[in-house]
Amino acid sequence: MSIGFTEDTRSSRHHRRQTRPPTRFDLSLSENPFPPLPSVLRAVNQALARANRYPEFLPRELPEIIARRVGVHGDQVVVGSGATGVAMQIMQSVGDGAEIVTGMPTFDGYPIIAEMIGMTLVPVPLDAAGNQDLTATRRAIGKRTAVVVVCRPHNPTGAVVPAGELKSFLNAVPNRVTVILDEAYAEFLGPEDRVDTLALLRKHSNLLVLRTFSKAYGLAGLRIGYAYGRRELIERVQRLQLPFGISATAVAAVSASYAAQPELAARIRHITEERETLRNALLACGHAVPRSHANFLYLPGPGVATALRRAQIAAKAYPDGSARIAVGDREAGRAVLAAVAGLR
């Protein structure tokens, strides 16, 4: 499998805004294809009726709601503008000039934020199967390393680091280094692939678990993310909390989403079933698509990104011709298959 760096990783922020051609399907951002559930929309609309009022100066209600769900105390949760906003708070909390180590390619937010705040990105290539190489990641940690990121599932390949490898890695990371366990797609994991994050937190004071409501919950436009960990580490990150930065609609949407878990679980099942159906069809056409544990598929190049673009399908493209596509929309999946079927 060919795993290439993203264009965003190698370009300046000034060139990231690109004019997109007309598209039939936009699968470029691993979005949930479904709108928020009706009960969530009602809750958000009710909150909007009070939009003339400021939200909490510093968020207290939302961290408490999330804490009850994940099984920690409210002061062990920090919230922000999507997982990206929380990641930025974490990275800013370690100071300028430090290093961040992560497998590459990865979520574009990490190299972008590192450039913005003056951190040095230390990339660790993925292995041939698209997995994060935790042995090489451990070797890349140096005296200036302040943050290490492990994505589980990984973006863009959808691969999952085995639980045993993750535990061994955490045992080997110096306690002075903050480890971000990025679980943006954790809701798509099967029971056999999940890890007991609370047990990991009890053992590792330098660990932060990062999650979002943008993917499985379908609330990308509301920008709601959070991290949880030991109080001392969360307190350091909370010092960078933006006043009035969490809207009342976020609180309403999260509460309603938690109350609608059966409906959300059904949507997740639909997305994962569509993912497997499309992957099997692509495999039958000769495309070596790795198994994904998220709401996207990684289609190795060459030529895939070009074929999708010519079919007016927006995808996350990579310099070697590979592409990542969001899944869940059956019609879009058929269009993807038709666009790339003749490449192999």
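**Salt bridge notes**

I began with Arg 239, which counts as exposed at 63% relative accessibility. I kept in mind that I was reading a predicted model.

Which residue does Arg 239 form a salt bridge with? I found Glu 235, with the closest N and O atoms 3.6 Å apart. Glu 235 is partly exposed, at a relative accessible area of 46%.

Next I asked how many salt bridges the rule gives. The count comes to 7, and I looked up two further pairs from that list.

I turned to Glu 99, whose side chain meets that of Arg 144 in a salt bridge at 3.0 Å, N to O. Where do the two partners lie? Glu 99 sits in strand S3 (residues 99-104), while Arg 144 is in the loop between helix H6 (134-140) and strand S5 (145-151), so the pair ties together parts 45 residues apart in sequence. I then checked accessibility: Glu 99 is buried, with 14% relative accessible area, whereas Arg 144 is partly exposed at 43%.

My last entry is Arg 275 with Glu 276. Their side chains meet in a salt bridge, 2.9 Å from N to O. Is Arg 275 buried or exposed? Its relative accessibility is 7%, so I noted Arg 275 as buried, since buried means under 20%. Glu 276 is partly exposed, with a relative accessible area of 25%.

Methods. Residues are numbered from 1 along each chain as its sequence is written. This is a predicted model: local features need pLDDT of at least 70, side-chain atom pairs count only at pLDDT 80 or more; totals for chains, interfaces and linings use all residues. Side-chain values use heavy atoms; hydrogens and water are left out. A salt bridge is a side-chain nitrogen of Lys or Arg within 4 Å of a carboxyl oxygen of Asp or Glu. Helices (H or I, at least four residues) and strands (E, at least two) are DSSP runs, numbered from the N terminus. Buried means under 20% relative accessible area, exposed over 50%, partly exposed in between (1.4 Å probe, protein chains only).
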